[in-house]
Amino acid sequence: MERGGNVLSGTYLHRGEAMNRNVEVELAKPVVFIGEAPSRQHPRQRIPQRPERSSRRIISMLGIPWWQFRGRFGWVNLLPRWPGKQGKGDAFNEEAALIEAQTIVDHLWGKRGSTVLFLLGLRVAEAFGVSRAFLDGSVYRMAGGEATYITFPHPSGASRWWNDKKNREAAAALMRRWMVESGEWPAKELERTIERHGWKRVA
């Protein structure tokens with residue numbers, strides 16, 4: 001992987017705000033979810049403190065409580081603040097997103113080991129310059145290891161993709177696979193969770 005990039009393969013951007021120590025802690029985890037921005041209800045909460053629409057869909061597919069999810073896996077919103085409204089939805093500052101994505105990539109560059117990042121929404125994937133194909137993993141070599149970027153449809157609100165049961169099962173299976181491989185979700189515990197919820201195993 002070429003350091004710098006748009007964000008992973010292009011022109012180097014100037015850095016965003018100095019990275020908050022709490023964000024660094026989230027990015028140190030082996031599995032990290034990258035959302036778009038804080039919600040209108042919590043406009044400056046870059047790291048969610050309680051489940052909201054996006055995270056509720058994720059944790060419901062995993063079948064674990066919020067406190068357990070947050071104890072094991074990272075969650076950082078790409079934009080540090082709620083960007084306001086635009087039309088019927090939320091605004092999204094693409095330039096700011098590119099800068100923040102670059103800052104995250106720079107931070108991960110020297111991290112030891114492997115990191116899996118689930119990018120929640122096409123706008124987040126575009127900021128990192130990775131595949132827009134849902135559930136498609138893009139692997140990039142870093143100085144200390146590698147990072148795998150996986151694009152998900154935005155998990156909040158109505159979505160034809162998420163409404164399809166097969167898509168939900170495939171997304172949940174992919175998350176569980178990477179969480180087990182990271183060592184953060186022991187395989188035996190996962191098996192008990194699958195049996196408890198009667199989930200279908202998807203290769």
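The model is predicted: local features need pLDDT of at least 70, side-chain atom pairs count only at pLDDT 80 or more, and totals for chains, interfaces and linings use all residues. Residues are numbered from 1 along each chain as its sequence is written, and side-chain values use heavy atoms, with hydrogens and water left out.

**Whole chain**

Start with the cartoon of the chain, which has 8 helices and 7 strands. Helices (H or I, at least four residues) and strands (E, at least two) are DSSP runs, numbered from the N terminus. Of the 203 residues in the chain, 49% are buried; buried means under 20% relative accessible area, exposed over 50%, and partly exposed in between (1.4 Å probe, protein chains only). Among contacts with a separation of 6 or more, 69% are between residues 24 or more positions apart, a contact being heavy atoms within 4.5 Å.

**Helix 4 and its cap**

Select residues 94-109, which form helix 4. Its 16 residues reach 22 Å from the first C-alpha to the last, close to the 22 Å expected at 1.5 Å a residue; the expected span is 1.5 Å times one less than the number of residues. Show side chains for the buried residues of helix 4: Ala 97, Ile 99, Glu 100, Ala 101, Gln 102, Thr 103, Ile 104, Val 105, Asp 106, Leu 108 and Trp 109. The elements that cover them include helix 1 (21-27), strand 1 (31-35), strand 5 (113-120), helix 5 (122-128), strand 6 (137-141) and strand 7 (145-152).

Next, select Asn 93, in the loop between strand 4 (89-90) and helix 4. Asn 93 is partly exposed, at 40% relative accessibility. It caps the N-terminal end of helix 4, with a side-chain oxygen 3.2 Å from the backbone nitrogen of Glu 95. The side chain of Asn 93 also reaches the backbone nitrogen of Ala 96 at 2.9 Å. Such a polar contact is a pair of N or O atoms within 3.5 Å; within protein, one must be able to donate a hydrogen and the other to accept it, and residues adjacent in sequence count only if both atoms are side-chain atoms. For a distance across the sequence, pick Asn 93 and Glu 36, which are 57 residues apart in sequence and 10.0 Å apart in space, C-alpha to C-alpha.

Move to Gly 113 in strand 5, which is partly exposed at 37% relative accessibility. Leaving out residues up to four places away in sequence, Gly 113 touches Gly 144, Gly 145 and Glu 146.

Pro 30 is in the loop between helix 1 and strand 1. Beyond its neighbours within four places in sequence, Pro 30 is in contact with Lys 111, Ser 114, Thr 115, Val 116, Ser 182 and Glu 184.

**Arg 70**

Select Arg 70 in helix 3 (residues 66-72). Arg 70 is buried, with a relative accessible area of 14%. Its side chain reaches the backbone oxygen of Phe 73 at 3.0 Å. Not counting residues up to four places away, Arg 70 touches Glu 26, Lys 29, Ile 47, Pro 48 and Trp 75.

**Helices 2 and 7**

Now show helix 2 (residues 53-62) with helix 7 (residues 165-181), which pack at an angle of about 75 degrees with their axes 9 Å apart. Axes are lines fitted to C-alpha atoms, for helices over the stretch in contact, and angles run from 0 to 180 degrees between N-to-C directions. The two helices are therefore roughly perpendicular, the class for 65 to 115 degrees; under 35 counts as roughly parallel, over 145 as roughly antiparallel and the rest as oblique.

At the contact, Ile 58, Met 61 and Leu 62 in helix 2 meet Arg 168, Ala 172, Met 175, Arg 176 and Met 179 in helix 7.

At the N-terminal end of helix 7, Asp 164 is the cap, with a side-chain oxygen 2.9 Å from the backbone nitrogen of Lys 166. After helix 7 comes Gly 183, with a positive phi near 85 degrees.

**Leu 135**

End at Leu 135, in the loop between helix 5 and strand 6. Its phi is near 70 degrees, a positive value in a residue other than glycine. Leu 135 is partly exposed, with a relative accessible area of 23%.
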